[in-house]
Amino acid sequence: MRESGPILTVSAASCRFDVSAPALSRLLTREPCRILRAVETVSFTVERGTTFSIVGESGCGKSTLARMVVGLQRPTEGALHFSDITRIDGTIGPPRVQMIFQDPYASLNPRWRVGDIIAEPIRELKLRQDEAAIMQRVGDLLEIVGLSRTDASRYPHAFSGGQRQRISIARALATEADFLVCDEPTSALDVSVQAQILNLMVKLQKEFGLTYLFISHNLSVVRHMSDQLAIMYLGRFVETGPADEVFGNPRHPYTRLLLETIPDVEKPNRARRPMSGEVPSPIAPPPGCAFHPRCAMAADICRVERPPLRIVAAGALACHFG
Ligand SMILES: Nc1ncnc2c1ncn2[C@@H]1O[C@H](COP(=O)(O)OP(=O)(O)OP(=O)(O)O)[C@@H](O)[C@H]1O
Ligand code: SF4
Ligand SMILES: [Mg+2]
């Protein structure tokens with residue numbers, strides 16, 4: 001049984017939505033079908049026990065990709081494959097995949113006590129034999145995520161945003177998940193609380209050998225926890241590679257633009273360029289390189305020919321130059 005190697009392989013996965021007007025009104029107005037390309041031929045692998053982060057601006061297709069990985073959205077083309085793993089208890093099978101959402105307020109049922117929220121998947125999956133063992137496990141999970149056992153009897157509204165995200169993580173761990181898809185898990189939180197949750201996630205990864213697919217619109221959030229990084233623009237990966245390399249030697253003009261917008265604590269007075277230009281519509285992406293209307297380096301070829309994603313050093317790059 002393979003212990004190293006990819007836990008997830010995504011092969012040329014695309015997701016397109018038909019956002020056309022109703023057929024009758026199209027007939028009257030002679031409007032053509034409108035296809036929104038949310039994710040376009042994306043390929044990557046995620047190694048077990050590592051963090052693969054995807055970063056890009058709003059609307060670039062991050063959540064759609066996350067939903068495909070957890071099976072909430074079918075790819076229109078391409079395939080996603082999870083490899084069987086051997087668990088600590090010796091059982092072999094596909095990894096258990098769970099999603100952690102951005103909004104810890106909306107993702108917890110306000111009418112349920114926290115103990116019941118965390119116990120539900122344990123009961124559902126029959127992971128413990130009796131009620132005493134279930135409640136013991138709930139208490140252990142609350143402590144693992146930095147809450148107290150007595151919090152089981154409280155309702156979600158009694159907790160802060162950061163604490164609620166800890167409850168969401170405890171619920172994901174309750175399923176004995178191996179692979180967590182984290183869609184902007186800290187974006188709704190204050191900066192100081194964000195750091196606490198990220199530290200907790202790093203600690204849990206080491207402790208339980210978890211694999212993360214981590215999604216953010218903010219490069220600084222993923223800086224310290226990513227092994228591999230993919231920069232996404234209008235549904236496509238434009239730069240990928242080991243995180244140190246992408247941060248240390250960003251090759252794509254869009255990656256550089258994203259990096260320039262990050263505040264630098266060591267050089268607080270460094271001139272920062274604001275993010276310039278609007279993200280074009282994924283229904284009618286610009287021809288050639290989709291980034292060309294915003295790119296300071298754009299040349300004639302960029303306006304007509306789309307640069308393929310090609311292997312560069314330990315990663316890949318989609319740019320005619322660099
Ligand atoms: N079910 C759907 N039907 C039609 N269009 C959709 C659907 N889901 C997503 N889209 C569109 O697909 C594109 C990508 O959306 P997605 O939510 O994946 O982006 P995102 O990168 O997660 O953005 P954000 O950072 O704002 O969460 C957007 O233009 C969105 O409007
Ligand atoms: S291909 Fe051209 S427009 Fe696109 S990122 Fe590279 S230089 Fe800029
Ligand atoms: Mg999203």
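Analyst: Helices and strands are here DSSP runs, a helix (H or I) having at least four residues and a strand (E) at least two, and both are numbered from the N terminus. Please keep in mind throughout that this is a predicted model.

User: With that definition, how many helices and strands does the protein chain have, and what does UniProt list for residues 19–259?

Analyst: The protein chain has 10 helices and 13 strands. An unreviewed UniProt entry lists residues 19–259 as "domain: ABC transporter"; this span is 37% helix and 23% strand, and its end C-alpha atoms lie 33 Å apart.

User: What does the radius of gyration of the protein chain agree with?

Analyst: The radius of gyration is taken over C-alpha atoms and can be set against a globule rule based on the number of residues. For 322 residues a compact globule would have a value near 20 Å, and the protein chain agrees with this because it has 21 Å. The C-alpha trace spans about 70 × 60 × 45 Å along its principal axes, and 38% of the 322 residues count as buried.

User: Which residues are closest to ligand 1, and which elements give two or more residues to the shell around it?

Analyst: Ligand 1 is surrounded by 14 residues, of which Ala38, Ser58, Lys62, Ser63 and Thr64 are the closest. The elements that give two or more residues to this shell are β2 (35–47) and α2 (62–69), with α2 providing the largest share, three residues. By class, the shell around ligand 1 holds six nonpolar, seven polar and one charged residues.

How values were computed. Residues numbered from 1 in each chain as written. Chains lettered and ligands numbered in written order. Predicted model: local features only at pLDDT ≥ 70, side-chain atom pairs only at ≥ 80, totals over all residues. UniProt positions renumbered as here; feature names shortened; annotations may be inferred. Rg over C-alpha atoms; globule rule 2.2 N^0.38 Å. Buried ≥ 20, exposed ≤ 12 C-beta atoms within 10 Å, placed from the backbone. Near = placed C-beta within 6 Å. Nonpolar A, V, L, I, M, F, W, Y, C, P; charged D, E, K, R; others polar.
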